[in-house]
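User: Hi! I am new to reading protein models and would like to go through one step by step. Could you show it to me and take my questions?

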Amino acid sequence: MDPVLPDYIVELAATARRAFAELGGVDLARQAEADPRARELAGDALAALGALDIDPLADADQALAALALCREAGRVALPYPLEAMLCRHDGAVVVLVDPADPLVDHADLLDPMLAVDLAGQVHHATVAGPALGSRLGPFAVPVELQPHDGFADVDAPATIAWALSSATVLGYVEGAVDLCVEHVRTRHQFDQRLADFQAVQFQIADAVVAASGLAELALFTVWRISELGAGARVDALALRLHAADVARTAMRTAQQLHGASGVAEEYDVSVLCRRVQATLRSPVSSERNLDTLTAAIRQEGFASLFPHGRERVST
């Protein structure tokens, strides 16, 4: 794995950031909640970037490009199902679902859909109703699942879907931390900047280190998937679990250091902290993600400094 991103991936990310900023940044998420038709602007921007032509399973470069775009989309809570559009099989988008409560973000923009549950079972998914429109899941759409008759090899698309959702979470974290850094540099208390308080510096440092560590793990996991495909499923599940842990701590810090404004809808950090909840809970909570990861490690092993699961039993 090369931890240094190629120049063309860095340029792609910078171009995407400018394009999303021209759409209004986080304001587009607010607009889309008021009028879902605003999502078309995000779709047009992604099409102009060539995002919908990327196949993250084709090679390492396209996998990195997909990661970079999802990361930038997360920074502004882009109201568009980018992850799903990047994970395709035979013309259908591949989404992750919980059969007990099948919800898919922006499912009304996705057709046809192949849904994969935690057990790896494949279903046909169709929209079953309007979006919830709730505060934490404004674009979550209930879907109806029908068994898929026949064989569909969607293990690799499902694996990269876990990784790309983590990349989106990484973007949310980085966006919130950046806003927090800007806030503490410009706000004053007791005649000095918030950033000059050592306690604030410690919290910012912890959040930045956590975000940097998540970024490194995301790059490593995408490299593993580009090498192993569905064989890196355990890595993708572990990345997703770690992304949720980092999001909870780093984004809580970002919101708390904003004070009361951190929960005011007018502030972007509030929108980021609210909108990330749908991604963190889709398709299942971190607790069930941990159960799935534990079972996968027992069955498939886990490449690390020490043997785990199947590898431990065989040594």
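This is a predicted model: local features need pLDDT of at least 70, side-chain atom pairs count only at pLDDT 80 or more; totals for chains, interfaces and linings use all residues.

User: Is cysteine 273 buried or exposed?

Analyst: Residues are numbered from 1 along each chain as its sequence is written, and side-chain values use heavy atoms, leaving out hydrogens and water. Buried means under 20% relative accessible area, exposed over 50%, and partly exposed in between, with a 1.4 Å probe and protein chains only. Cysteine 273 has a relative accessible area of 8%, so the word for it is buried.

User: How many disulfides does the count come to?

Analyst: By this rule, the count is zero. Cysteine 70, for example, is in no disulfide, as the nearest cysteine sulfur, in cysteine 87, is 7.5 Å away. Cysteine 70 is also buried, because its relative accessibility is 0%. To repeat the number of disulfides: zero.

User: Which two residues form an aromatic pair?

Analyst: Rings of Phe, Tyr and Trp (its six-membered ring) pair if their centres lie within 6.5 Å; planes under 30 degrees apart are stacked, over 60 edge-to-face, and the rest tilted. The count comes to one aromatic pair. Its centres are 5.7 Å apart with 40° between the planes, a tilted arrangement, and its members are phenylalanine 220 and tryptophan 223.

User: In which helix do phenylalanine 220 and tryptophan 223 lie?

Analyst: Helices (H or I, at least four residues) and strands (E, at least two) are DSSP runs, numbered from the N terminus. Phenylalanine 220 and tryptophan 223 are three residues apart, about one turn of the helix. Phenylalanine 220 is partly exposed because its relative accessibility is 31%, and tryptophan 223 is partly exposed too, at 32%. Both lie in residues 198-228, helix α7.

User: Which residue of β4 stands opposite valine 94?

Analyst: Two strands pair if DSSP finds at least two bridges between them. Strand β2 (residues 92-96) runs parallel to β4, joined by four bridges. On β4 (residues 113-116), Leu114 and Val116 are buried on one side, and Met113 and Ala115 on the other. The residue opposite valine 94 is leucine 114.

Methods. A disulfide is a pair of cysteine sulfur atoms within 2.5 Å.
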